[in-house]
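Thank you for making time this morning.

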Amino acid sequence: MKRGLAATAAIAVAATVLAGCTGGSTGNAETADSAKGSAPGAPGHAEGAPAPGEVAPTKPTEPKDFKSTFALDVDTASYSYAQRTLRDGARPAPQTVRTEEFVNSFPQGYQRPKGDGFSVSADGARTGAAGWSLMRVGLATRKTDPDAPRRPAALTFVLDVSGSMAEPGRLDLVKDALRTAAGQLRGSDSVSLVTFSGEATTVMPMTRLDDGGRGRLRAAVAKLEPQSSTNLGAGMKQGYQQAAEHRRSGATNRVVLMSDALANTGETDAKAILGEVARHRKEQGISLFGVGVGSDYGDDLMERLTNKGDGSTVYISTRGEARDVFVNQLPRNIELRARDAKAQVVFDRDAVDDFRLLGYENRKVADEDFRNDTVDGGEVGPGHTVTALYAVRLKHGATGRAATATVRWQDPDSRKPHEKSHEVATTALTADSLWKGADVSPYLRLSAVAAYFADALRRGEGSASPGPEPQPAEPTAEPLPAAPSLGKLRSEADRLAEEPGLRSAAGLAKNISRAQGAP
């Protein structure tokens with residue numbers, strides 16, 4: 001989502017951000033049911049000169065409004081799919097790169113709440129572009145003890161067994177993942193298995209795992225073989241029918257779609273398939289968890305399906321990733337901490353000239369619908385973190401409050417609405433430089449590296465190909481300001497990998513290096 005594109009400046013912000021500053025936020029306030037309005041605050045101070053070759057805007061371009069509202073999103077599929085593509089020696093198509101999913105694929109170091117709901121935090125740093133800072137708004141839920149009591153789950157696995165799933169790393173990977181799931185789920189959970197190719201078949205009706213379900217699931221999985229075409233629409237319809245017919249009261253009812261999402265038979269119209277998903281979500285409260293596979297992957301359809309199904313999507317290409325999803329991530333998508341969660345950041349007109357949200361283009365919500373609980377948000381489970389990065393241009397000499405960030409969600413059981421807010425001071429955005437500041441959080445730097453890398457891929461920049469560069473994901477968008485080279489980003493990721501708890505930055509550095517050599 002974007003507010004006040006502010007020409008090239010807004011985009012430059014992100015790049016500028018990398019010169020960052022940390023700075024503390026103040027005024028943490030929590031409300032429930034009827035949340036307090038997020039009133040704008042006071043001015044803030046901004047420093048910085050234009051980067052070499054960059055012309056500072058002579059006249060600020062004011063945003064249409066000073067609110068940024070979006071549904072929370074915990075998807076990570078975009079980064080995982082890009083990683084797989086880069087490993088294969090190619091660059092991901094720009095339209096498959098979603099900045100927020102790159103950022104949310106890495107640890108953030110947020111303090112977690114003691115109870116249900118969210119913690120809200122914020123920090124930032126100067127980027128190096130005139131007046132621009134990077135602001136990180138972080139939301140986190142409490143982790144759960146894997147052995148602690150939880151509500152049972154009723155899971156309908158909808159499995160693609162079409163001919164395209166014969167490729168190594170597709171059906172064999174899914175079968176391994178399902179065997180892992182059979183061992184990880186609890187005896188009180190119920191599972192069913194629907195397969196689809198040219199048509200859909202219920203291979204295993206809903207069965208409790210402590211009533212012979214584990215053995216039946218493993219036996220059914222062992223017999224799976226790839227068949228012919230991909231009737232994704234039929235698979236989704238039968239899967240949701242199975243889930244609806246065997247819906248368990250007091251349980252988490254979910255459909256788990258495992259597919260390359262390349263529909264080519266039967267109902268292939270995305271709107272029709274999406275309509276079926278949305279209907280079951282609203283009528284029975286059945287949500288969708290998408291697991292994508294395959295080098296040729298229908299990223300757009302899978303992401304749209306899970307958005308309509310109030311769920312999330314991941315992508316797997318190795319057995320290690322599959323085991324991580326079904327050992328660590330599936331439990332987070334069974335139990336819930338929040339339903340229909342949304343975030344709204346209100347910027348202070350006296351302190352801020354312009355701002356831009358990096359990513360979340362597909363998750364934007366009308367500002368006036370932030371407290372409309374009939375408007376869909378996102379579902380968030382235990383142990384999740386959600387990060388929103390903003391490029392923010394402060395007014396010269398601004399002090400006081402720069403923004404107020406608020407998250408609103410509904411209790412998973414009672415549907416009672418809650419809110420929690422956090423004020424962001426201008427000093428939090430101007431105290432230090434992103435890359436050089438001694439007090440800048442390494443987690444903020446890692447988020448910045450991931451966001452800049454995503455932006456470079458979205459714009460087709462830094463490609464080793466001698467031919468024409470790929471079309472950017474958003475032809476009208478300006479590049480992020482003060483964007484470092486891929487070489488600089490790789491070096492920064494290598495340094496961050498030496499920080500405690502940030503070993504995952506090494507993989508990011510490797511992916512950036514692959515992008516430098518990929519066409």
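Two strands are taken as paired if DSSP finds at least two bridges between them, and helices (H or I, at least four residues) and strands (E, at least two) are themselves DSSP runs, numbered from the N terminus. What we are looking at is a predicted model, in which local features need pLDDT of at least 70 and side-chain atom pairs count only at pLDDT 80 or more, whereas totals for chains, interfaces and linings use all residues. Residues are numbered from 1 along each chain as its sequence is written, and side-chain values use heavy atoms, with hydrogens and water left out.

Four strands form an open sheet in the order 3-4-14-12, and their pairing is antiparallel. Strand 3 (119-126) and strand 12 each have a single partner strand and stand at the edges, so one side of each is left without a neighbour in the sheet. On average, and ignoring direction, neighbouring strands here are turned by 25° against each other; axes are lines fitted to C-alpha atoms, for helices over the stretch in contact, and angles run from 0 to 180 degrees between N-to-C directions. Between strand 3 and strand 4 (residues 132-140), which run antiparallel, there are 8 bridges, and valine 120, for instance, has leucine 139 in strand 4 as its bridge partner. Across strand 3, strand 4 and strand 14 (385-394) lies helix 11 (residues 442-459), running at about 110° to strand 4, where contact means heavy atoms within 4.5 Å.

Next, the aromatic rings. Rings of Phe, Tyr and Trp (its six-membered ring) pair if their centres lie within 6.5 Å, and planes under 30 degrees apart count as stacked, over 60 as edge-to-face and the rest as tilted. By this rule there are 12 aromatic pairs. In one of them, the ring centres of phenylalanine 66 and phenylalanine 355 are 6.3 Å apart with the planes at 50°, so the pair is tilted. Phenylalanine 66 sits in the loop between strand 1 (26-32) and strand 2 (67-71), while phenylalanine 355 belongs to strand 12 (residues 352-357), 289 residues apart. Both phenylalanine 66 and phenylalanine 355 are buried, a word that stands for under 20% relative accessible area, with exposed over 50% and partly exposed in between (1.4 Å probe, protein chains only). Ring pairs also link Phe66, Phe347, Phe355 and Tyr390 into a cluster.

Finally, the charged side chains. Side chains of opposite charge can pair when their charged atoms come close. A salt bridge is counted when a side-chain nitrogen of Lys or Arg lies within 4 Å of a carboxyl oxygen of Asp or Glu, and the count comes to 33.

Through shared partners, salt bridges join Arg84, Asp88, Glu167, Arg170 and Asp260 into one network.
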